[in-house]
Amino acid sequence: MKKLLHFLLFVSILGTSVSSFAVERGDPLKGQPAVRKRVLYLPGRFEVTPSVGVSFLQDYRHSFLVGAKAEYHLNDYLSFGFAAHFSPLSINTGLTDEIQATLPNQLEDDTWVNPTPSKNAMMDALNEIKLVMGPHITYTPAFGKMGLFSTIFFNFDVYFFGGLGIVMFEAGDLSPYTDTPAEYRQAVTAGTAGQKLHIIVEEENGGLRFGPQAGLGFHFYLNSWMAVNMEFRWMYVKRNAAGFDRNGDRIYELIEAEGMVRDWVVVNAKDESWENTMFFHFGLSMFFPQFAPRSN
Amino acid sequence: MKTWAIVLFALFATWTLPAVPAAHARGADDDIIMEEDDTSKPAEEKPADGDLPADTDPAATDPAATDPGTTDPAATDAAAAVAGDDKDTKTKGDDEDARSYWSDIKVVPRKLILKQNRIELIPYMGITLNDNLIRHIALGGEFGYYMSDAMSIGVGGHMYMKQQTDRAYLTGLQQRVLPTLNAYLYTATLNVNYEAAYGKFAFHNKKILQWGIFLSGGLGVTGTEVIPRNAAHEPWTNMNITIQVGAGFRVFINQWLTLWGGVRNYMMQDKFENSNRTQPDAEVGEKNAAARFINNIVFQIGVSVFFPTSFEYTTFK
C-alpha cells in the first residue's frame, strides 16, 4: 500500500512538471525577419543616377561635377557599378585668393635672388580636376524609415562602397614663365635675361591618376522607383596640385657668358604626393524595372 | 491514517496547482474573448469580409479548423464554448493562447528612449575640416538637460591641439609666401539642440536600431593664439564671441547609450597678424592686428549617456 501511495505521488509530481512546461509562453517572433511586407527597392534592379557634385577639402581649386552613376543590384545587400563625373567649372579656394593677394603682378627682374611667382604664374601652374570616375562595389546593410519634423515620412537606405578611383587632371602650364638652360644662355647673350623662373618641367602635373576610392551614401525613396541620392566619395591619388617643385631636386649648368654655375629646379613626378580628394554628390536615382515587389 | 491524509493532500495539490497559471493565461484570453464579444456579431450572423482585420480568415467557421495565427469571430460561438468535447476545447485553448501571443505585438512599438527630464553627457572628439594650413584635433564634452523629448539645453566645450599641414610648409616653399596662422585653444558654448527627425532602420532585416537627427545652435567664446611669423615675437591671444550652428545624428544602442556625431560651425571674428610685416614687436603687431570673420567647421563624434539610465512609461501600451 505504501508503495502504491509513493508511486501515485511521484506520478502526480511528474504531471505537474509537464503541465508547468506546457504553460510557458514562446516568442512567435523568434527567428522572424524584422520587417515584413517591405518594398524591395534593390534586388535584381538596375539603377541610373544622374547627379551633380562638388569637391571639398581642396587646397587650391574646388571643382563642380556633373555626371552619372550606373549600378546593378544583385540582391538586397550587394551591387556593383560605375560612376563618371566631368568638371565643367572650377573656382578658387579661399587659400588661393589669399596667396594671390600677396603675390606681385609680374616676375622680378632678377629671379635668381627673388623667385617669387607672379599672380598669373601661380594660377597657371595649378592643375584642375577634369574627370572623376571608377568602378565600385556597394554594400547596403541597412534600410529604414524616418519622419522629418513628424510631418514627412519616407523610406531610406544607407550604403558603403569601395573600388578603384580614376581622376584626370588638366595640367598646369608654366612654360610662359620659365626658361631652360639653353634659353637662358641665349637671353644672356642677347641681353634680355630676366623675368623668368628657372624651372625645368620634366613631367607635367596633369593626366590620369589612379588610387582607391570609398564612400557612403543614402537613398531617400520618393516612390517605388525613384529616390534622392546623396553620396560622399573619398579618393586617394597622387598629385602635384601647385605645379611647383617640392623636393628640391635641381640640375646645375655652367653659364659661360656669366662665368657662373646656375641651378634649375626640376619639376617631375617625384614632386607628387598622395592627397585626399573628397566629393559630395547629389542626384536622383531611377530604378528599372519600375515595379518593386514586396517581401513575405 | 495520517499517511493517507498527507498523500491525499499532496495529490490534491499537485493536480490542482498547475491549473492556476493556466487559468491566469486563460484569464488574459478571457480579455481577448471580451474584445471579440465587443466587436463580433451574434453567433448566427457572419460578418462581411471587409469588416475583418487583415489577418483573419473569413472562410473559417469551424473552430477546429481555425488557423492558430488568425482570429475568427464566428469561432466564439457560445455552443462551442460550452461543448464538453475535449478535442474542441483543447483546440480552442491553443487558438486563444496563440492569439494572446500575437496580441502582445503592437503595430507601432514604443520609442526605445524617452529623453524628457533626463540629463545627457556627451564626451566627444573632433577634427576641424575647413582649414588647409592648420588642422586641429578637439577633445571635449557636452552636458545637456532635456526639457522635452525633442529639445535640450546645455553647455559644451572642448580644447584643441594644433597640427600644421604639409600645405603650410609648401606654401612658403612654392609660392614664397608665409601664411599668417592662428591656433585655436578652446571653445565653450551654451547650446540648444532640437531633434528634428526620428526614425528606425533594420540592419540586415534582423536588428532594428532607432536613430535621430538633431539641429544645434549656441553662443559662447573661442580662445585663439597667433602663430608669429617672426619667431622672435611673443604670441598673443584673443577671446572671441562665437556663434555655433550645426547638425548631427545619434543612433540609440539602448535606453541610456547612443552613438553620437555631428558637424558644427563655430563662427567668430578673429584677429590675425597684419600682412604688413613691419611691426617691430608683438605689442605693435597686436595693435595693428587684422580682423577676419572665421568659420571653424568641426566634425565631432562620441557617445552620449543618459541619466537616469532607465525610465518607465506611465501610459498603457
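Modeller: Strand 8 and strand 11 (residues 273-288), both of chain A, run antiparallel and are paired over 14 bridges. Strands (E, at least two residues) and helices (H or I, at least four residues) are DSSP runs, numbered from the N terminus, and two strands count as paired if DSSP finds at least two bridges between them. The model is a predicted one, in which local features need pLDDT of at least 70 and side-chain atom pairs count only at pLDDT 80 or more, while totals for chains, interfaces and linings use all residues. Residues are numbered from 1 along each chain as its sequence is written, with chains lettered from A and ligands numbered from 1 in the order in which they are written.

Within this pairing, Tyr236(A) has Asn276(A) of strand 11 of chain A as its bridge partner. Strand 8 of chain A spans residues 226-239. Its covered face consists of Ala227(A), Asn229(A), Glu231(A), Arg233(A), Met235(A), Val237(A) and Arg239(A). The uncovered face includes Trp234(A) and Tyr236(A).

Strand 8 of chain A also pairs with strand 7 (residues 207-221) of chain A, in the antiparallel sense and over nine bridges. In that pairing, His219(A) lies opposite Asn229(A) of strand 8. A hairpin of four linking residues connects strand 7 of chain A to strand 8 of chain A. Strands of a sheet pair through backbone hydrogen bonds, either parallel or antiparallel.

Phe154(A) belongs to strand 5 (residues 152-170) of chain A. Leaving aside residues up to four places away in sequence, Phe154(A) is in contact with Met146(A), Phe220(A) and Tyr221(A); a contact requires C-beta atoms, placed from the backbone, within 7 Å of each other. Between the C-alpha atoms of Phe154(A) and Gly144(A), 10 residues apart along the chain, the separation is 8.5 Å.

Elsewhere in chain A, three strands form an open sheet of mixed pairing, in the order 6-10-9. At its edges are strand 6 (199-201) and strand 9 (250-255) of chain A, each of which pairs on one side only. Neighbouring strands of this sheet are turned against each other by 35 degrees on average, direction ignored; the axes are lines fitted to C-alpha atoms, for helices over the stretch in contact, and angles run from 0 to 180 degrees between N-to-C directions. Strand 6 of chain A is parallel to strand 10 (residues 260-267) of chain A, with three bridges between them. Ile200(A) has Val266(A) in strand 10 of chain A as its bridge partner.

The surrounding chain gives the setting. Chain A contains four helices and 11 strands. Its radius of gyration is 33 Å, well over the 19 Å that the globule rule gives for 296 residues, so chain A is more spread out than a compact globule. That radius is taken over C-alpha atoms, and the rule is 2.2 Å times the number of residues to the power 0.38. Along the principal axes, the C-alpha atoms of chain A fill a box of roughly 135 × 50 × 35 Å. Of the 296 residues in chain A, 28% are buried. Among contacts in chain A between residues at least 6 apart in sequence, 70% join residues at least 24 apart.

Conventions. Buried ≥ 20, exposed ≤ 12 C-beta atoms within 10 Å, placed from the backbone. Contact = placed C-beta atoms within 7 Å.
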